[in-house]
Amino acid sequence: MTNTEKIKQSANLIKNSNAIYLFGIGFSALAAQGAQIRLMRLGYKAYFFSEQHTRVVSSHLIKPDDLAIAFSVTGDTRETLQWLSKVKENGAKTIAITNHSRSPITKIAELILFTAGKEVAQEGSTLITEMSQLFVVEQICQYLHEIDSSRIALAKKQISQSIE
């Protein structure tokens, strides 16, 4: 499957989900939170929890009509793998956004989107890597505009009325 096909499939999963839960640690948490804000502004129920206990609780409560998107540059962050495994066990759809094709996360998630970025030994990933994760999210959002324009238009209208 090409990257474009994966982007389209991801957008369709988002469109057809009751709620979207986003998971990540460190810089990947920043990308997950950015994705949450972006998806909410398009009219989707998107959730990101920064507190560890709340993340664990949410992963246990996800239902089959929900979607989980896990962000992990390395694809082997223990907590992210645990959340994603629990979500999958609950029957929800799963997407992983990662840099590494042979990482453990690729064995758990149903749909894998690869990013490009640079890791610097002891420092871990860089902000460029997280920007590449957000770039993938933005590609998904662009396709959502094509396939779910009425929901997005309504969300924009509701948001603009509330901030005027």
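Leaving aside neighbours within four places in sequence, which residues is Phe49 in contact with? Select Phe49 and show what surrounds it: the contacts are Tyr21, Thr54, Arg55 and Ser58, where contact means heavy atoms within 4.5 Å.

The model is predicted, so local features need pLDDT of at least 70 and side-chain atom pairs count only at pLDDT 80 or more, while totals for chains, interfaces and linings use all residues. Residues are numbered from 1 along each chain as its sequence is written, and side-chain values use heavy atoms, with hydrogens and water left out.

**Stop 1: around Phe49**

Stay on Phe49, in the loop between β2 and α3 (52-61). Helices (H or I, at least four residues) and strands (E, at least two) are DSSP runs, numbered from the N terminus. Phe49 counts as partly exposed, at 24% relative accessibility; the classes are buried under 20% relative accessible area, exposed over 50%, and partly exposed in between (1.4 Å probe, protein chains only).

**Stop 2**

Next, select the five strands of the open sheet, whose order is β2-β1-β3-β4-β5 with parallel pairing. Two strands pair if DSSP finds at least two bridges between them. β2 (46-48) and β5 (111-114) stand at the edges with a single partner strand each, so one side of each has no neighbour in the sheet. On average, neighbouring strands are turned by 20° against each other, direction ignored.

Walk through the pairs:

- β1 (residues 20-23) and β2 pair in the parallel sense over three bridges; Leu22 stands opposite Phe48 in β2.
- β1 and β3 run parallel and are joined by four bridges; Ile20 has Leu67 in β3 as its bridge partner.
- β3 and β4 run parallel and are joined by six bridges; Phe71 has Ile97 in β4 as its bridge partner.

Six of its six residues are buried. In a regular strand the side chains alternate between the two faces of the sheet. Leu67, Ile69 and Phe71 are on one side of β3 and Ala68, Ala70 and Ser72 on the other, and both faces are covered.

**Stop 3: helix α1**

Select α1 (residues 3-15), which lies across β1, β3 (67-72), β4 (93-98) and β5, at about 125° to β5. Axes are lines fitted to C-alpha atoms, for helices over the stretch in contact, and angles run from 0 to 180 degrees between N-to-C directions.

**Stop 4: α2 and α6**

Select α2 (residues 27-41) and α6 (residues 127-147), which pack at an angle of about 20° with their axes 9 Å apart. The two are therefore roughly parallel; angles under 35 degrees count as roughly parallel, over 145 as roughly antiparallel, 65 to 115 as roughly perpendicular and the rest as oblique. Among the residues that meet are Phe27, Ala31 and Leu39 in α2 and Leu134, Val137 and Cys141 in α6. The contact divides into nine nonpolar, five polar and three charged residues. Ala, Val, Leu, Ile, Met, Phe, Trp, Tyr, Cys and Pro count as nonpolar, Asp, Glu, Lys and Arg as charged, and the others, Gly among them, as polar.

**Stop 5: α6 and α7**

Leu144, His145 and Ile147 of α6 and Ser149, Ile152 and Lys156 of α7 make the contact. By class, it has three nonpolar, two polar and one charged residues.
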